[in-house]
Amino acid sequence: QGSCLVNVTITDVNNKPPYFIGPTAVAVRENTPVGTEVYRLVASDPDDGAMLRYYIDRSQSEGKTEEGALVKLDDYDFVSAFVLNETNGLLKIAKLLDREKIAEIKLACVVEDVAAERGDQMANTVLKITILDENDNNPKFRKPFYKHSIAENSQYGVAVCTVVAEDADQNKTIKYSLEGDKGVLDLVHIDDETGEIVVRNRIDHEEYGWLNFSVRAADTGSPPRASFVEVFVQVLDENDNNPYFVDNVNDFYVWENATVGTEIAIIQAKDLDSGDFGRITYILDRVSSKEKFSIDPEKGVLRVAGALDREETAEYMMAVEAWDNYPYGYLNGESRNAFKHILVHVMDDNDNAPVIQKPSGCSMITEYHNINDPIVKLRATDADDPSIGNGQLSFDISDASGIFYIQQVSAQNAEIYSRGPLKNLHGNYTLELIVSDLGSVPNTVRDTVEICVTDFNDHAPVFVVPSGNTTVKVFENTTVGKPFFQVHAYDEDVEENAIVRYRLKMDSLGNYRKFSIDKETGELSLTAALDREQQMMYDLRIEAYDQGIPTPLSSSVDLIVYVRDVNDNQPQFLLKEISLNFTEHMIPGAERIRLPDTVDQDYLDPLEGPTASAVCYYIVAGNEDGHFGLDPVTHELMVEKELDRENRSLYKLHIKASEECSYANFSLETGGQASNLLKATVYINDINDNSPVFESKIFTGGISTSSLFGATILQLKANDADDGLNGLVRYYRHGEVRKTLAEGLDDLRSDPFLVDADTGKVLLNFFPQKSMRGYFDFSVTANDSYGCHDRAHVFIYLIREDQRVKFILRQRPSEIRHNINSFREILSNVSGCIVNIDDIRVHENPDGSVDRTKSDMFMHLVDQKNNSVLEVHQVLQLLDKHVEKLDRLFKEFNVLDTQASELIQTAEMDELSVNIIWLFVTNILLGALLIVVIGLSISQRLSYRRRLRAAKIAAFGSSGPSRMYQEVLGAVPNTNKHSMKGSNPIWIGSGSPEGEWLKDEFDKCKDAIDAQYERSLSSGFFIDNCLQYEARKSLAGAEANNAVNYQIKRGSESTLCARNLETTEL
C-alpha cells in the first residue's frame, strides 16, 4: 500500500459573461472642452484571458430636455457628443454640450468579451449623465423696443407697460432696472421681478412730452449677464388746471323788496388752460339759493330770481361753481371746477306789525296783592330786524281807573303793576294795551287786558262733630259701604271760601285704605271687611278743607276706630300636613298617636261675651274602610282594624277641627275653611311576613359560539312584597349544574355558569365551542334578609348560529323590550315551544346601512317534549302553520318579516343547486339544437323551392307553350313521377378538361334560359321562335352516366352547351 500527491489543473474555458462594476451616474457641465474625461466604465470577467471591449448602443440611448421631453437623435445627436475608448472604457467629450437643448442623457453602454468561445458574452448598463447649466445666455426681451402712452397726472402706481425678458439658462431669475435721465427715472418705477413699469411721481405734460429711458434685464448667474431695451412713453395732455376766482369778496347786500332781475354783483373766475379747457361756465347751487337768485352762466352776473322775505330768510349762504370744458367735458368727466361760498344779506323793510302775547282770560289777584309784584306779564314780538327801529317795540296802557300802570322790562316784555294797595278794591278791570314799533313809519296794534281782584280766604273750617279727638266702636262684621259714623265742620268765610269738603289723611301704616269718607256729607264707611283677629284698632285723621282762593284752609281731627270681635273663626292647625307611622298586623288600639293642637284667632273680651269653647277632631275623609279611629276630645289616633302593608302601604286622612262637638257627622265637602283641616299621611311600617317569589318557576336561555365569556345569558327576577331590607332579594345557585345530551362538555370546569347575587344575572363562565352539544339545567334560590326563600329551575341550551330566527319589526329596540314578555308568552302558547330571546338590535339593511326605525329580534325555539332546539326551517313551518293565530300578535308588534339569522347551506339546498345547474345547461343545449334545426329547415326550404316550381310546370304546363317547348321540358330531367329514366343527373367528372369547359358553358346557358323563362311567364309565350335545339345523347363512360348534352343553335352561330342539369336549375 502506498500514496502519492496528484495535482489536477483545471483549464479555464471562456464561458462567463462580463459585468459592470461601480456607479452609473455622472454630472457634466455644459460647454466642457472637447477631450475632457467624463467617466471610466469598469467591467470584470471571471474568465482567464478575457478580452473586454466597450462601445455605446445608440438605439438604446435616450435624452431629455429640461421640461422632460424626449430628444430624438435626428434633432440633436447627443450620442456623438461622447467618445468611448473600447479598450479601457474611458468616456470623453467629443463635442460641446448645450444644456438648453438636452439636460439629461441616458447613455446605453455595452461591454463584450471578444475572446468568448461560445456565443456572445456581453453586459449592458445605462450611464445617467446630468448636464449642469452654465450661464452662457443673455436675457432676451420679447420685443426690440416698447412704445406706450400715458396721461399726465396719472395716479401713483398706474401701470405704464410691462417688459418681459426670457433666459434660456436654468437659472431663469431675471432682475429689471431702469437707466436714463435722472429726472425721467424719478417719475417711473419698475418692479425688479415682474418688469412692470408704473407711475412713481406726478407727470406733467408741460414739463415732459416724452419719457425715454432704457430697461436693463440681468440674470443672477455667475458672472451675471444682461441686455437692454428702449422704452418710449408719450405723455398725453389733459385738463389739469382748475378755474379760480379773481377776488375774495364774499358778502353782498340786497333789499328784501328788490324786484326780480335786480343785479346784485358780478362773480369773476379765470382758468390757466386754453380753449374749451379755459372757457368758464358759472353755476349757482339751487338748494342753497332756494331759487331766489340766479347767475349768468357766461358772464357771472348774480341777480334776484324770486320774491325775498327777510323775516323768512335773512341771509343766503350760496355756493357758486366755475366749470371749464362745460357741458361736454362735464358729461365725459373731463371738466374741472372751483367753487366759492357767497353770503347775500337781505336788508329789512318795515313790513310787519307787532304781535302781542298775553294771558288768556282774567288775571286773578287777591285784595292782599303785594304792590311790588307784577300783576300781568306781557310779551310782544316783531318779525322785522330787531337791530333797527323796524323791530324795536314800545308798550303803553290806557286805564280809566288810574289804579294800574305798565313798565317795560326788556325789548319784548312788559309788566303791569298796581299803584297802591288793593284792599277792598275787589272787582273786574279792563285795560287797553298799545304796542308800536320804532320804524320810520311805525306799525301800531291795540288789545285789552282783564284783571280780577278777589276776596282773600282767611278763615279755616272748624269741626263740630266730633269736637275733638274721639274713639268709635264698630263690629268686625259691619257691612262694607254702610256708613257707621258722620263728621261735620263749618267755615266763617262766604261763597266758595265757605264751602267745606272732607278727606282722609294718608298714614304710614295704611289704615286709611280700609275706610272712605263722603267728601260732601262727611259720612264714614268701610271699603273692605274688618277682621279683628288681624287688627284691633285703626288710627284715622279726618281733614276738613274749604275751597278758598288762592290757598284753601283746613283743619283735622283724630279718630280711633275700635273693632269689636265676633266669633267668626274656626280653630286652625298650625301644620297643614303631617306624617304618621303605624306597624302592620298590630293589635287594634295598641298604638296611639296624639295629633297636634289648634289655635283660634278669635279674641273674646271677657267683658263682652262668654269664654272660648272646646275643640273636637273628626276624620272626614280617607277612612272609608274604618281602619282608624280618632278620639274627638283627646285627639288620639288609633288603629281599629288590623293593617296589612302588602295590601295597602299608605293612607291619606283628612282631619277636621271644630268647636261644634255635639254634631259629629262632618264630611270633606262641608268642612268650612281649609285652615281647620289637617292632612295626615299614615305610612304602614313593614314586618318580614312575605317570602321572595320568582316571576317564573322556569327560566330558559341559549348560548352559541358567538357568546362571549362573561356575557349575561339571562336575567333572574324574584319579587318580595316586603319593603326595605325585608324586601332585599339575593340570588344563589342551588345544587350542581346538570348536563343532558352532552357532547364535547367533558373538559368544562365545575361551574360553567355564575349567578350574580345582587342582580340575578346568569353569567357565562366558559368559551362555547362548535363541537359542544346538549343543554344545562340547575336550580336557583332567592333569599331575603330574614331567611325566607323561593326556588326556580334554569335551562340553558347550546345552540348553533344557524338555529336562530330573525324577526324584523317596525319598532325601536326600547319599545320592544318594554313588551317582550307578552310577545314570548303569546308565541310560546301558540307554538307549544319554549321561546328564548337571544338579542334585540337596530335593523341593518343588506347594504350595511342602519335603519333606526326598525329592529332585528333574534330568538330560538326549544321543543318542550325532548328539550331539543328546533331548526330554522322547522320554526318557519311552525309559524306558517299558526299564521292566523299569530296575525294579531304580528300586527301589534309590526312584524315585517321572519327569516333565518344567516344563510344556511343544507344537503337539500346542495341537491337543489345541482338540479338547477343541470336544468340550466340542458335548456342551453336544447336552445342551440332548436336553432340548428330551424337553420337546416330554412336551408332545405330554399334548396327545394326551385325544384317544386319546376315540377309543377312540367306536370301542368301543356296548355300554354308550344310543341317545341314541350319537347324541351320533356328532355329536362326532374323529380316528377312522369319523368323518364335517367332524370337524376350528376355533374360531369371534374377530372376531364372537357368536363370543366362544359360546366362553364352550362352555367352560361342556364342563366340565359332562366331569364327567357321568366320573361315568357309574363308575356304568355315561350322563345321557341328564336331558339332551336338538338339533343344528342351519348355515353362518355362512368363519369358521364345519366348526363344529357344539349346543343342550342341561335341564328347562324352554333354553340355547344353541355352541362349537368338538376331539377333546381329551372
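Cys-362 is partly exposed, with a relative accessible area of 23%; in this scale, buried means under 20% relative accessible area, exposed means over 50%, and partly exposed lies in between, with a 1.4 Å probe and protein chains only. The structure is a predicted model, in which local features need pLDDT of at least 70 and side-chain atom pairs count only at pLDDT 80 or more, while totals for chains, interfaces and linings use all residues. Residues are numbered from 1 along each chain as its sequence is written, and side-chain values use heavy atoms, with hydrogens and water left out.

The structure holds one disulfide, a term that denotes a pair of cysteine sulfur atoms within 2.5 Å. This disulfide is formed by Cys-362 and Cys-452, whose sulfur atoms lie 1.6 Å apart. The link is right-handed, with 125 degrees about the S-S bond. Distant parts of the chain are joined by the pair: Cys-362 belongs to strand β31 (residues 362-366) and Cys-452 to strand β37 (residues 444-454), 90 residues apart. Strands (E, at least two residues) and helices (H or I, at least four) are DSSP runs, numbered from the N terminus. Cys-452 counts as buried, at 8% relative accessibility. Two further cysteines were examined for accessibility: Cys-4 is exposed, with a relative accessible area of 68%, whereas Cys-788 is buried, at 19%.

An open sheet is formed by three strands in the order β58-β62-β61, with antiparallel pairing. Strands are taken to pair if DSSP finds at least two bridges between them. Because β58 (712-715) and β61 (753-755) each have a single partner strand, they stand at the edges, and one side of each is left without a neighbour in the sheet. From one strand to the next, the twist averages 20 degrees; axes are lines fitted to C-alpha atoms, for helices over the stretch in contact, and angles run from 0 to 180 degrees between N-to-C directions. The antiparallel pairing of β58 with β62 (residues 761-764) extends over three bridges. In β62, Lys-761 is the bridge partner of Gln-715.

A nonpolar patch on the surface consists of Ile-917, Phe-920, Val-921, Ile-924 and Leu-925, which together have about 500 Å² of accessible area. Accessible areas come from the Shrake-Rupley method with a 1.4 Å probe, and for residues only the protein chains shown count as cover. Patch residues have over 30% relative accessible area and no salt bridge, with nonpolar side chains (Val, Leu, Ile, Met, Phe, Trp, Tyr) joined within 5 Å and like charges within 9 Å. A salt bridge is a side-chain nitrogen of Lys or Arg within 4 Å of a carboxyl oxygen of Asp or Glu. Val-921 is found in helix α8 (residues 907-956) and is partly exposed, with a relative accessible area of 36%.
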